[in-house]
Each structure stands twice: as C-alpha cells, then as structure tokens.
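Student: Could you take me through one part of this protein up close? I would like to see how a single residue sits among its surroundings.

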Amino acid sequence: MAHKTAYEKVEIIGNYPIAGEVYELTVACKREVEPGQFFMLKGFSDINMLPRPISINTCTKDTLTFQYAIVGKGTKELALKKSGDYLEILGPLGNGFLQEELNLPHLPQRKIKIALVAGGIGIAPFRYLSQKLAAVKSKLPADLQDNLQVDLYAGFRSEVYGITGMEEYVDHIHIATNDGTCGHRGYITEILPADYDYIYACGPTVMLRSLQQQAFKGQLYLSLENRMACGIGACLACSCRTTAGMKRVCKEGPVFAAREVCL
C-alpha cells in the first residue's frame, strides 16, 4: 500500500474523553489503512512542536478514529480541540500487524488461536484488528468458523477503557488491573496461556519485554511505541536495535517479530 508523503488538513468530527485522560478522536478522512498502522498528527499553537504519532483505533469509508492518552503538551492541546476544528495528518504510516498467516490454505483445516495483548493505551489498535479478524472468520464455512479463535487480553493500572463493544469481534475478553479493580489483580502477562498460535501485543516496553521472555507455542509480534519525530524514516529518532542491526520503528515497524527486536 502506497503511503502518503504530505500532510492533509482534515476536520474533527468528535473528540471526547472515554476514561480519565484517555480520548477518542474522529476525523473526516477517506483512507485505506491496515490494523497497527499509525498517523502523524499536527496542528498545535506552537508551530515548532513536533507532530504526534497516534495509532488507528478503527475506520469507516469516510472517517478515521484514534485513541490517545494525555501524556504531554502536545496531547494536552489535542484534547482541547472540538468538533469543527481542523488537524493536519500524515499517513497511514508503518507496517501493521502481520496477517498473511491467516490466508494460508490450512486455516480452516485446524484450530487457530490468536491472542491480542494490550497494555494501557496499547488497547487502541486492537479494535480495528479484531474487526478484521472477525471479517476473516465470517468468510469461513459455518462449520469451520470455530476453527478461528480470537481472544483479547487487556491490562490497565485501574480504570478499564477502550473495550466497549469488542465482545462482538472476539471470543473471550480477559482483563487485569494493577490494583484489582477489575479482573485479575496484577499484570495481564500473568494470565496469558502459552498455547496460542499467534500473539499480537501493543503496550509499554516493560510488558513487551516480559512477553518476549515467555515461552509461547506460536509466533509473537510486538508493536513498539518509540518516540518519533518525522514518521517517515528520515530522522532516525525512533530507531531500535534488532538482530539485523538498527531499524526504524516508523518505517520497518512499528510491528516486529519478537525474535527480531532487542528490548
């Protein structure tokens, strides 16, 4: 898929908090995107402020929706924008969650188990990914649809967010909170079984590193959240160490095979 190389001005349709300092932003934009890709957003009062990389939460034919947390000056100003305001966006950027395995001929012939593992705002890209996987499942013959199982594992500090309605797209939802407010008391990595064929994870580096150290039956993919400046691979600010040398998270990622990255 060809990536856009210039920013586009788009109108904000909605921008509201879904929990604490976590917001959902929807803009009017027609664009084909893949789960796990992201956009660079700008339009701040300080023209010297760097654009912010934000994951795609979901999309329709005419809109893009993002979820983001207020973590600094840029996202704080972003949260103040209202319907009718404008932003500039660049994207979609990066390589998303790998799904070519789901097109293999053996898919309907045996049970395939997929785990989506989110930590905090890492929940953002999994709505769209779960929708895509549900679409794959719906195209299987009725007697083979149970051969594709998709489960969501989501961990939060305390307040749970971003999962409303996702039971429509996944088979099971497992929650963990640090303080025991909801679900398992502790970390989501503590309750993730090892028998999944594919694990897609997005969240803080400490969570991804923990997953990387676990022994899983199947393949583990990690979506990294490195700081970015340009989003197009020119500045090298987001580079990470891999077994094949340094790679740019914005260009070669943000999704990598876990065996490839050195966290």
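Tutor: Let us start with a word we need: two residues are in contact when they have heavy atoms within 4.5 Å. A note on where this comes from: this is a predicted model, in which local features need pLDDT of at least 70 and side-chain atom pairs count only at pLDDT 80 or more, while totals for chains, interfaces and linings use all residues. Residues are numbered from 1 along each chain as its sequence is written, and side-chain values use heavy atoms, with hydrogens and water left out.

Now find tyrosine 169. It lies in the loop that runs between β8 (148-156) and β9 (172-177); strands are DSSP runs of E with at least two residues, helices are runs of H or I with at least four, and both are numbered from the N terminus. If we set aside the neighbours within four places in sequence, tyrosine 169 has contacts with Ser130, Gln131 and Ala134. With glutamine 131, there is also a side-chain to side-chain polar contact of 3.4 Å. That term stands for a pair of N or O atoms within 3.5 Å; within protein, one must be able to donate a hydrogen and the other to accept it, and residues adjacent in sequence count only if both atoms are side-chain atoms. Leucine 129 is 40 residues from tyrosine 169 in sequence, yet their C-alpha atoms are 9.3 Å apart in space.

Buried means under 20%, exposed means over 50%, and partly exposed is in between, using a 1.4 Å probe and protein chains only.

Let us step back to the whole protein. It has 3 helices and 15 strands, and 51% of its 263 residues are buried. Of the contacts between residues at least 6 apart in sequence, 60% join residues at least 24 apart. The C-alpha atoms fill a box of roughly 55 × 40 × 40 Å along the principal axes.

Finally, look at the cysteines. The structure has 0 disulfides, a disulfide being a pair of cysteine sulfur atoms within 2.5 Å. For cysteine 202, the nearest cysteine sulfur belongs to cysteine 240 and is 14 Å away. Cysteine 202 has 2% relative accessibility, so it counts as buried. The sulfur of cysteine 262 is 8.2 Å from its closest cysteine sulfur, in cysteine 240, which is too far for a bond. At 30% relative accessibility, cysteine 262 is partly exposed.
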